[in-house]
Amino acid sequence: MNLTGKELAAAIYTRLKENTSRSTVVFGLEEGTSGILHSKVGGAFYVPEGMEAPKNTETGEALYLLAQINFEELPPIEDFPQKGLLQIFIDGKDDTFGCNFDNEADQTGWRIRFIENLPSAEEIKPEQIRETEWTEETSLPLDHPVVYRLTGRREDQPVSINDYRFDEMLTKYCSDLLPEGTEGFFDLDDEDAEACEELYEIFEEYDCQMGGYPTFTQSDPREYMEEDADVPEILLFQLDTTEDIMWGDSGVGNFFIKKEDLVKKDFSKVWFNWDCC
């Protein structure tokens, strides 16, 4: 086929949409108050009886709630829990937010908690509600103690251009559409810059989502793993720079999990990564 420019981009998008789409929950962010068990970014959090509020295991500093997801509030998607509360905590005393860029699964400075069986909000005792205090030294992606209620809708998302598998899927599903010698996105850019510019415009990227495919400011860190490594292929949660949320210099935060661990509701080996300009 001899398509060029916008026609080529549209054909590639259609082909990848048909063959690579994954279900995702796309979140809207509504600033304001939110219940203790609601899906949200920031704010107070529930600590079950017999548990402690999470801390940095090296420094002892209390962690801050970045986000929590109440699965019963959301449209169900494959492999994800259908009930329970997923809480994501990060460090507010460290300019890396607790992320260990040499070992993304190291939860020393951040934490994932999953509480499968929840009480009603009315059954939660006052001492089970915590909120880590903000100080002048607090450093978080949140600009101030803001709370956003998360409301979710289901979408089908094709592979994102930043995903480490994009070139493989591009050549697998679109080989008959591509100019001769194209082995990846940047080869295509050399051959048809207009098509590449259009692809950036039409591929969906979401500020906040669960499932689907990630976006990055720099590049996908999973691209540099050994070929035989056990790559966490599922996007558990993504929060991009938006409104009063800023990861460094206009960055994005991502959490990844292996499918087998997600199905087992084992969140002990989740990856946390963020990058910025």
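Two strands count as paired if DSSP finds at least two bridges between them. I open with that criterion, as the strand pairings in this predicted model rest on it.

Let me begin with strand β4, residues 64-70. Of its 7 residues, 7 are buried, so β4 is largely enclosed by the rest of the structure. Which strands does β4 pair with? One partner is β5, residues 85-90, joined to β4 by 6 bridges in an antiparallel arrangement. Within that pairing, N70 stands opposite L85 of β5. Strand β2, residues 40-41, is also antiparallel to β4, and 2 bridges join them. Here K40 is the residue that faces Q68 of β4.

I turn next to helix α2, which covers residues 166-174. Its buried residues are F166, M169, L170 and C174. Viewed down the helix axis, these buried positions fall within an arc of 105°, so they line one face of α2. On the other side, E168 and K172 are exposed. What do the buried residues of α2 pack against? They pack against two helices, α1 (5-20) and α3 (185-191).

The cysteines deserve a word. A disulfide is a covalent bond between the sulfur atoms of two cysteines. With a cut-off of 2.5 Å between the sulfur atoms, the count in this model is 0 disulfides. For C196, the nearest cysteine sulfur is that of C174, 12 Å away, and C196 is in no disulfide. C196 is buried, at a relative accessible area of 2%. C276 is likewise in no disulfide; the sulfur of C277, the nearest from another cysteine, lies 6.6 Å away. C276 counts as partly exposed, as its relative accessibility is 21%.

Finally, the protein as a whole. Its secondary structure comprises 5 helices and 12 strands. How does the radius of gyration relate to that of a compact globule? For 277 residues, such a globule would have a value near 19 Å, and the protein has 20 Å, which agrees. Along the principal axes, the C-alpha trace spans about 65 × 35 × 35 Å. Buried residues account for 48% of the 277. Of the contacts between residues at least 6 apart in sequence, 76% join residues at least 24 apart. The accessible surface is about 13,300 Å², and carbon and sulfur atoms contribute 41% of that area.

Notes. Residues numbered from 1 in each chain as written. Predicted model: local features only at pLDDT ≥ 70, side-chain atom pairs only at ≥ 80, totals over all residues. Heavy atoms only, no water. Buried < 20%, exposed > 50% of the residue type's maximum accessible area, 1.4 Å probe, protein only. Helix = DSSP H or I, 4+ residues; strand = E, 2+ residues; numbered from the N terminus. Arc of directions from axis to C-beta. Contact = heavy atoms within 4.5 Å. Rg over C-alpha atoms; globule rule 2.2 N^0.38 Å. Areas by Shrake-Rupley, 256 points an atom, 1.4 Å probe, with all protein chains shown as cover.
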